[in-house]
Amino acid sequence: VEFVNTTNDITNPTHALRIAQVASLGGSEKMAIAACVSILGTSLGDMEEERFTQAMLLWMCTREEELDNVNTGAVMNHLLASFRTGQQNGEPFSLKGKTVNSVLKTARDVQESFAPSGLKNMKWDEDLGDGKLIEIEVKEVLTTLDLVNIGDQMQNCLQTLRGMYKYAARARTRSSSFWYTTSLEKDSGMEIMGKELFKPKKKYIIVFEVWSESKIVHQAEGPGSTYPTNLALKSMQKWAESQDVAWDTWEMW
């Protein structure tokens with residue numbers, strides 16, 4: 001039933017299978033996204049490897065809370081690589097008795113990283129008038145964990161399975177780079193007797209995609225897939241002009 005339900009939204013049959021597997025094991029949508037953007041989303045293994053994959057997904061789904069701050073897709077890649085290495089060396093690899101801590105200690109990289117585009121991050125203070133200053137920061141998305149976090153913060157299509165694996169694929173091949181902008185009110189915290197009781201929170205105000213070859217901003221949007229605010233567009237323009245990127249080519253995400 002889970003597999004049939006996924007096919008209405010997912011066109012890649014391998015992704016549909018992985019989504020169904022994770023759902024049947026009680027895993028979250030975030031875990032399903034991780035499976036799709038990992039090696040598991042590219043092809044199926046032989047019968048022995050698929051048995052291990054099922055056991056691995058069960059192990060991860062039942063420990064999802066412990067893996068909350070970890071890039072689970074990269075953990076899957078690490079575990080599958082460990083299984084394949086064991087097969088080649090005639091030393092079977094099993095998750096029996098393994099804890100999250102013990103697995104992470106052996107993983108060199110639990111987060112898929114994307115190659116930097118060569119464009120620069122920027123940070124500056126923006127004067128809104130009446131003495132009100134905000135800190136603007138424009139940063140490049142360089143990991144799959146960043147993409148998941150931006151989807152959560154901005155409540156946009158990166159929360160969906162289709163959006164996540166589509167944009168991760170573009171970032172992976174570096175056909176595009178992805179950027180987000182935050183604003184932070186300065187001097188808006190609260191202190192009592194020298195103790196900071198309240199810290200201002202960064203607001204995610206825009207996310208945008210830059211095509212690498214043509215160096216243009218292809219698409220952008222504000223929180224909740226809304227039209228970006230004037231402040232967000234002004235910040236994107238300032239960053240783009242400093243990087244020799246055409247910004248007025250953008251369209252809604």
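What follows is a walk through this structure, from the whole chain down to a few single residues.

A word on the model before we start: it is predicted, so local features need pLDDT of at least 70 and side-chain atom pairs count only at pLDDT 80 or more, while totals for chains, interfaces and linings use all residues. Residues are numbered from 1 along each chain as its sequence is written, and side-chain values use heavy atoms, with hydrogens and water left out.

Let's take the whole chain to begin with. Of its 253 residues, 45% are buried, where buried means under 20% relative accessible area, exposed means over 50%, and partly exposed is in between, with a 1.4 Å probe and protein chains only. The chain exposes about 13,700 Å², and carbon and sulfur atoms supply 51% of that; the areas come from the Shrake-Rupley method with a 1.4 Å probe, and for residues only the protein chains shown count as cover. As for contacts (heavy atoms within 4.5 Å), take those between residues at least 6 apart in sequence: 67% of them join residues at least 24 apart.

Helix α4 (residues 47–61) and helix α5 (residues 72–89) have axes that come within 11 Å and cross at roughly 145°. Axes here are lines fitted to C-alpha atoms, for helices over the stretch in contact, and angles run from 0 to 180 degrees between N-to-C directions. On the α4 side, the contact residues include F52, M56, L57 and W59, and α5 brings V75, L79, L80 and F83, among others. By class, this contact has ten nonpolar, three polar and three charged residues. Nonpolar covers Ala, Val, Leu, Ile, Met, Phe, Trp, Tyr, Cys and Pro, charged covers Asp, Glu, Lys and Arg, and the others, Gly among them, are polar.

Helix α4 has another partner, α2 (residues 13–24): their axes come within 9 Å and cross at roughly 50°. That makes α2 oblique to α4, given that under 35 degrees is roughly parallel, over 145 roughly antiparallel, 65 to 115 roughly perpendicular and the rest oblique. This crossing of α2 and α4 is right-handed. R18, Q21 and V22 of α2 meet E50, T53, Q54, L57 and C61 of α4, which divide into three nonpolar, three polar and two charged residues.

Over in the strands, E135 sits in β2 (residues 133–140) and counts as buried at 15% relative accessibility. Leaving out residues up to four places away in sequence, E135 touches K123, W124, D125, T182, S183, L184 and K186. Its C-alpha atom is separated by 6.4 Å from that of E185, 50 residues apart along the chain. H218, in strand β7 (residues 216–221), is buried at 15% relative accessibility. With the sequence neighbours up to four places away left out, H218 touches R170, E209, W211, T249, W250 and E251.

Finally, have a look at two loops. Q155, between α7 (144–154) and α8 (161–173), has a positive phi of about 55° although it is not a glycine, and is partly exposed at 48% relative accessibility. S225, in the loop between β7 and α9 (230–242), has a positive phi of about 60°, again without being a glycine, and is partly exposed at 36%.

Notes:
Helices (H or I, at least four residues) and strands (E, at least two) are DSSP runs, numbered from the N terminus. A crossing is left-handed if the near helix is turned anticlockwise from the far one by less than a right angle, and right-handed if clockwise.
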